[in-house]
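Here is a short report for a reader meeting this structure for the first time. Please look over the sequence and the 3D view before reading on.

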Amino acid sequence: MTDSNTSTGYIKVAKRLSDIPPYLFQRIDDMKSEARATGLDLISLGIGDPDLPTPPELVDELYEQSKLNANQKYPNFKGIPEFRKAVADFYNRRFGVELDPVDEVLALIGSKEGIANLALSVLDPEDIVIVPDPSYPVYAMLSVFAGCRKFVVPLKEENGFLIDWSAIPDDIARQTKLVWMNYPNNPTSAVAPIEFFDEAVQWAKKWGVILAHDNPYSEIYQQDDPPPSLLSAKGAKEVGVEFNSLSKSFNMTGWRIGMVVGNRDVVQALARVKSNIDSGVFVPIQKVAVKALNMPAAHGEELRKIYAGRRKACENALEEAGYEVYHGKGTFYLWAKTPKGMKSFDFVSKLIMKTGIVVGPGSGWGEQGEGYFRICLTRDEQSLADAVKVIAENFPAK
Ligand SMILES: Cc1ncc(COP(=O)(O)O)c(C=O)c1O
C-alpha cells in the first residue's frame, strides 16, 4: 500500500516552487500542532483574523439572497453593477475619490486573489518589482511566480516605516514596472500621510511605474484621524490602483470578497486575467457586501473603539514589562521588539512551545522585521493583558 504522505518519485512539480519558502503561517501551524500535542492550550495572536463576528444583519442578508434562484448562477466576471456602484460610492464618501463603477472597479475573491493575479496582468519576466521589507509575503512571492526580479526597500522605524523614494537608485527605478505599498501597514501598524502618496505619484510618473497600494485596513485607524487612500493623491489614477477588502473592516475574512479600484488599464488587465481563472464572487456575497459598504458610520466607530481599547491595554502591559513597542496608528496589529538578544523566530517558537501563546515572528515579513514580533489584537482587553503577563514572566524584555 502507498503511504499518501510519501512522495512516489513520479511527480516533478514546477521549478518555481523551489524559490518559495513555506508560507509563514504554515510553519507556525506546524509549531502549534507540536505544542498542542504536548497538552498546551493555544492562545492565537498570530494570524490577522478578527475574533469579532460578522454583523448579524449581514449574515441574515446572505441567507435571504441565497434563497433566490437567480443568485445561484455563475456571477458576472467583473462583479454585479450594484456592488461596483457601492464600492464607488464608498470611495467617494470615505476618501472623496471619484471612480467609474464600470471600468475602474472590479470585484475580487478577497484582496489576496487580486494581489496574486496582478502579477500575471502587468508584469513580464525580468521586470523589476519593488517590494517593501517588512511586508505581506504575497507581494514578493507573486513576483517570483511571474519570473520578475525584486528590489527590496527597507522600511525603517526612524522613517515611520515609510518607503524612502530618494533611496531608490535611478538605475533600478528605470527598470521597475511595479511598486507595492501598504498603509495602514501590516505588520508594523504604521499609517502614511497624503504627502507620502503625493510623492509616490510624482516618483511613479517620473519613472513610468505602476503603483499598487494594498489598503485592506483602511477602516481600522485611530478615531478622528482617518488615513488617506493612494487615490486621494493628485493624479494617482494615472499610475495607480488600490486593493481593498471587506475582510477586516466588516469581520468577513472567511467570506472572500474584496475589490481593486483605480487606473482603468490596470483594472481591465486584471479583469482579463481573472476571466480566464475564476468565475467571480458568489452573487449573494456581493449583495451582502453592498449592504456592508452602506452600513451606518457607527459600525466603523465601534470597531475602532474596540481595537483602540485593546491596543492601549496591550501597549501598557508590554511597556510596564519593559518591552519596546511601536505606537502605530492603524490596523489591529501591535509591533514590538523581541526580548534583548533573541531573534524573532527563536522567540516565537520558544514562546509557543513554553506557553501556547502564538504571535508572529517579525522576520516572517522580511529581514527588516528581524528583532520584532507582531501581536494581533484579536482578543478582548483582559485576555491580551493576561497573555502579555505570561509572555513577560517567561521572557523578560531585558
Ligand atoms: C496587507 C494585507 N493584504 C491583503 C490581505 C488579504 O486580505 P483578504 O482577506 O482581502 O484577501 C491581508 C490579510 O491578512 C493583509 O494583511
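The report covers the ligand site, a pair of helices and some backbone details.

## The model

This is a predicted model. Keep that in mind throughout.

## The ligand and its shell

The ligand is surrounded by 15 residues. The closest are Asn186, Asp214, Tyr217, Ser245 and Ser247. By type, the shell holds five nonpolar, six polar and four charged residues. Helix α4, residues 111–122, gives the largest share of the shell, with three residues.

Serine 247 places a polar side-chain atom 2.6 Å from a ligand oxygen. For asparagine 186, a polar side-chain atom lies 2.7 Å from an oxygen of the ligand. Lysine 112 takes part through its backbone: an N or O atom there is 2.9 Å from a ligand oxygen. How much of the ligand's accessible area does the protein cover? On its own, the ligand has 390 Å² of accessible area, and the protein covers 92% of that.

## Helix α4 against helix α8

Helix α4 also meets another helix. This partner is α8, residues 264–275. The two axes come within 9 Å and cross at roughly 100°. Angles of 65 to 115 degrees count as roughly perpendicular, so α4 and α8 are roughly perpendicular to each other.

Which residues make the contact? On the α4 side they are Glu113, Gly114, Asn117, Leu118, Leu120, Ser121 and Val122. On the α8 side they are Val266, Ala269, Leu270, Val273 and Lys274. Sorted by type, the contact has seven nonpolar, three polar and two charged residues.

## Cis peptide bonds in one loop

The loop between β5 and α7 contains proline 184 and proline 187. Strand β5 spans 176–181, and α7 spans 194–207. Proline 184 is joined to tyrosine 183 by a cis peptide bond, with omega about -5°. Proline 187 is joined to asparagine 186 by a cis peptide bond too, and here omega is about 15°.

Another loop runs between β6 (210–214) and β7 (240–245), and aspartate 224 lies in it.

Methods: Residues are numbered from 1 along each chain as its sequence is written. This is a predicted model: local features need pLDDT of at least 70, side-chain atom pairs count only at pLDDT 80 or more; totals for chains, interfaces and linings use all residues. Side-chain values use heavy atoms; hydrogens and water are left out. A residue is near a molecule or strand if one of its heavy atoms lies within 4 Å of it. A polar contact is a pair of N or O atoms within 3.5 Å; within protein, one must be able to donate a hydrogen and the other to accept it, and residues adjacent in sequence count only if both atoms are side-chain atoms. Accessible areas come from the Shrake-Rupley method with a 1.4 Å probe; for residues, only the protein chains shown count as cover. Helices (H or I, at least four residues) and strands (E, at least two) are DSSP runs, numbered from the N terminus. Ala, Val, Leu, Ile, Met, Phe, Trp, Tyr, Cys and Pro count as nonpolar, Asp, Glu, Lys and Arg as charged, and the others, Gly among them, as polar. Axes are lines fitted to C-alpha atoms, for helices over the stretch in contact, and angles run from 0 to 180 degrees between N-to-C directions. Angles under 35 degrees count as roughly parallel, over 145 as roughly antiparallel, 65 to 115 as roughly perpendicular and the rest as oblique. Contact means heavy atoms within 4.5 Å.
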